[in-house]
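Visitor: I'd like to learn how to read a few features of a model like this one. Can you walk me through them?

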Amino acid sequence: MHFITFSLIACCSLALGWANEWGYPDLDNNQDEPFPKWGGLCDSGKKQSPINLHVKGSLKGEFDPLKFANYDEHQKNLKMVNNGHSIQLSGFDHELTLSGGALLHDYVVEQIHMHWWSEHTINDIRYPLEVHIVHRNTIYPNMTMAANFKDGIVVIGVLYHVSNTRNEAIGSIIKSLGAVKAYDSMNKPTLVADSLAVDDLVPSVESYFTYAGSLTTPTCAEAVTWIVLTETFPVTLDQVNEFKEIEYEEGKQLHNNYRELQSENNRAVVLVEMPEDRSGAAGLTASVSLILTLVLVGGQKFLL
Ligand SMILES: [Zn+2]
């Protein structure tokens with residue numbers, strides 16, 4: 001009995017400690033400031049995220065297409081919060097369900113948040129923004145439970161590249177940022193003024209890296225199937241700089257909120273490519289026209 005009581009206190013005080021104290025180095029002020037140790041699995045885990053994703057060394061994969069339900073529905077009651085570590089969106093009117101691909105279950109969107117700069121790198125290149133769409137396996141009742149199982153959580157990672165073109169969907173989020181930027185409004189949710197559909201934040205989903213990893217914030221639970229899309233969306237540096245102005249302490253701005261790269265530890269990273277990419281010479285014209293189309297609509301396609 002005493003042991004159980006002690007364990008509960010140890011667990012919860014540790015959790016509170018994390019909630020209040022963990023953070024990121026301010027790399028805008030000092031590039032050499034080390035990333036702090038967050039403790040627990042964050043330090044001892046062997047399947048941690050993020051990692052560098054590289055085309056060379058990935059395993060080729062082919063799966064059924066990913067299936068998205070309700071991602072195109074415009075959300076009217078989306079809430080935004082500055083939680084001191086990121087900007088997070090939740091409160092979806094419709095249940096957004098992800099299935100298919102290599103997934104054996106249905107997953108629902110719990111929340112969306114961003115990291116500036118990106119957490120994952122691709123071929124050693126870092127991007128200015130990474131959006132995480134966090135999904136829970138519907139066989140588990142909540143995120144706390146889901147975080148205990150290796151099939152508990154799926155996160156879709158979307159990378160954004162620097163461009164002169166303002167990103168409209170990110171612009172919609174930024175429009176409401178003023179209400180949550182200040183330290184006084186931390187942890188106080190505000191309504192996102194513009195109606196936004198989640199698929200406005202998602203480029204093509206036909207080509208992606210997938211691997212088994214972790215949450216990139218404490219508790220760093222190794223419960224995440226990562227799906228990092230290879231197509232990226234444009235964003236301007238001015239837009240990213242808006243996120244850098246949110247406060248996590250009185251007068252202190254969150255200049256960056258990405259975790260340092262973790263060891264791959266010989267994990268399998270699977271690269272799923274668009275069907276056009278494996279079509280050979282006969283499909284070359286189609287591939288070229290597809291790439292041109294993507295360039296024309298402002299997307300950037302990796303030439304693998
Ligand atoms: Zn994240």
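Predicted model: local features only at pLDDT ≥ 70, side-chain atom pairs only at ≥ 80, totals over all residues.

Visitor: Now disulfides. How many does a search of the whole structure find?

Guide: The general idea is a covalent bond between the sulfur atoms of two cysteines. In this model the search turns up one, joining Cys 42 to Cys 220 with an S to S distance of 2.1 Å. Cys 42 belongs to helix α2 and Cys 220 to the loop between β14 and β15, so the link ties together parts 178 residues apart in sequence. The torsion about the S-S bond is about 95°, which means the disulfide is right-handed.

Visitor: Is Cys 42 buried or exposed?

Guide: Buried, because its relative accessibility is 6%. Cys 220, at 0%, counts as buried too.

Visitor: And pockets? What lines the second largest pocket?

Guide: Rolling a probe the size of a water molecule over the atoms shows where empty space is left. The second largest pocket holds about 380 Å³ of space. Its lining has 22 residues, with Ala 102, Leu 103, Lys 150, Asp 151 and Thr 225 nearest the centre. Strand β14 gives the most, five residues. By class, the lining has 14 nonpolar, four polar and four charged residues.

Terms used
Residues numbered from 1 in each chain as written. Heavy atoms only, no water. 1 Å grid on protein atoms, 1.4 Å probe; cavity = no way out; pocket = protein on both sides within 12 Å on 5 of 7 lines; lining within 4 Å. Points joined across faces, edges and corners; volume = space filled by probe spheres on them. Helix = DSSP H or I, 4+ residues; strand = E, 2+ residues; numbered from the N terminus. Nonpolar A, V, L, I, M, F, W, Y, C, P; charged D, E, K, R; others polar. Disulfide = S-S within 2.5 Å. Buried < 20%, exposed > 50% of the residue type's maximum accessible area, 1.4 Å probe, protein only.
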